[in-house]
Amino acid sequence: MRRPFARSWTGVLATAAAAAALPLASPVPASADSVIVGGSPVKVSESPWVVALSSRDRFGGTRSGQFCGGVVTGSTTVLTAAHCMSEDVLGAPLDRVTDLKVIAGRGDLGTSEGKEILVSHVKINPEYDAHSNSGDVAALTLAEPLPEGYVLPMAGEGDPAYKPGTQADVYGWGDTTGAGDYARTLHAAQVRVLSDAVCEKAYPGSTDGTYKAKTMLCAGEMLGGRDACQGDSGGPLVAQGRLIGLVSWGSGCGRPGSPGVYTRISDVPRVLRARA
Ligand code: 4AZ
């Protein structure tokens, strides 16, 4: 979403209000606003294409400066969410963030494992619409190449991995409580691709956003519980070994009836795709 860090407070307030109204029998699981909700730690060596976006100048050094996720789609190309490059998220215009880096091969942000690579160029999807969240993708060019083994193939149009019911995994270092407790280690959660009809019904149009089947997909569990959350934005949704989505937005985290919404990779314009 446009303000991933601010939005977590909305979630906390909504959860507190629900708990006050239903003190004994809240249908919302206790963990509803926690992490890559319902996920578990994973080894970055088994998913080397997941990277952290970092700026220590903007976000401090304790978690290697992590503020969003990304995915390696070419030896010098990382895809992330366009909204991760916004002034709302960065707290400064992008051209003033001079230490923007991609961190590869570091599962635990408290270590110096893996590689930090400077971003030499950022291309924001010309079709990105910050109001509806449509086309939420940007391509980062790396100053040095990563080995080919880091690259995850992208799903194209008509790929069977988009079929509703398909199991997919979402990865990130996002918030673990909805109150600003960001994970130190990489987590993943398994979710299901949902039909466009279900996604449209969940998000017919509100202040959170409107579901647009052409440029988005949604995934989650009908009963909630497993989901992406603040700080996971731009990270990958992977099914059948291919990249199908990027964490983009949603209403809260892990709430029943409010699945996570992702940028649909098959709709990413050619100008943002890696050449090699
Ligand atoms: C966010 O604001 C955000 N539950 C990311 C993912 C989801 C909701 C919000 C999906 O960055």
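Tutor: A cavity is a set of grid points where a 1.4 Å probe fits but cannot get out. Let's keep that in mind as we look at this predicted model.

Student: How many cavities of 30 Å³ or more are there, and how much space lies in the second largest cavity?

Tutor: Searching the whole structure turns up 2 cavities of 30 Å³ or more. For the second largest cavity, the space comes to about 30 Å³.

Student: Which class has 5 residues in the lining of the second largest cavity?

Tutor: Good one! Among the lining residues are Gly220, Gly224, Arg226, Asp227 and Pro259. Gly counts as polar here. By class, the lining has 1 nonpolar and 4 charged residues, and the class with 5 is polar.

Student: What is the bridge partner of Ala104 in β6?

Tutor: Start with the barrel, which is closed and has 6 strands in the order β2-β3-β4-β7-β6-β5. Strands β5 (residues 101-104) and β6 (residues 115-124) run antiparallel and are joined by 4 bridges. In β6, Ala104 has as its bridge partner Lys115.

Student: Over which residues does pLDDT stay under 50?

Tutor: The chain has a mean pLDDT of 87, with 85% of its residues at 70 or more. Where pLDDT is low, the predicted coordinates should not be read in detail. The stretch where pLDDT stays under 50 is residues 1-35.

Methods
Residues are numbered from 1 along each chain as its sequence is written. This is a predicted model: local features need pLDDT of at least 70, side-chain atom pairs count only at pLDDT 80 or more; totals for chains, interfaces and linings use all residues. Side-chain values use heavy atoms; hydrogens and water are left out. Two strands pair if DSSP finds at least two bridges between them. Helices (H or I, at least four residues) and strands (E, at least two) are DSSP runs, numbered from the N terminus. pLDDT is the predictor's confidence in each residue, from 0 to 100. Contact means heavy atoms within 4.5 Å. On a 1 Å grid over the protein atoms alone, a cavity is a set of points where a 1.4 Å probe fits but cannot get out, and a pocket is an open set with protein on both sides within 12 Å along at least five of seven lines; lining residues have an atom within 4 Å of a point. Grid points are joined across faces, edges and corners, and a volume is the space filled by probe spheres set on the points.
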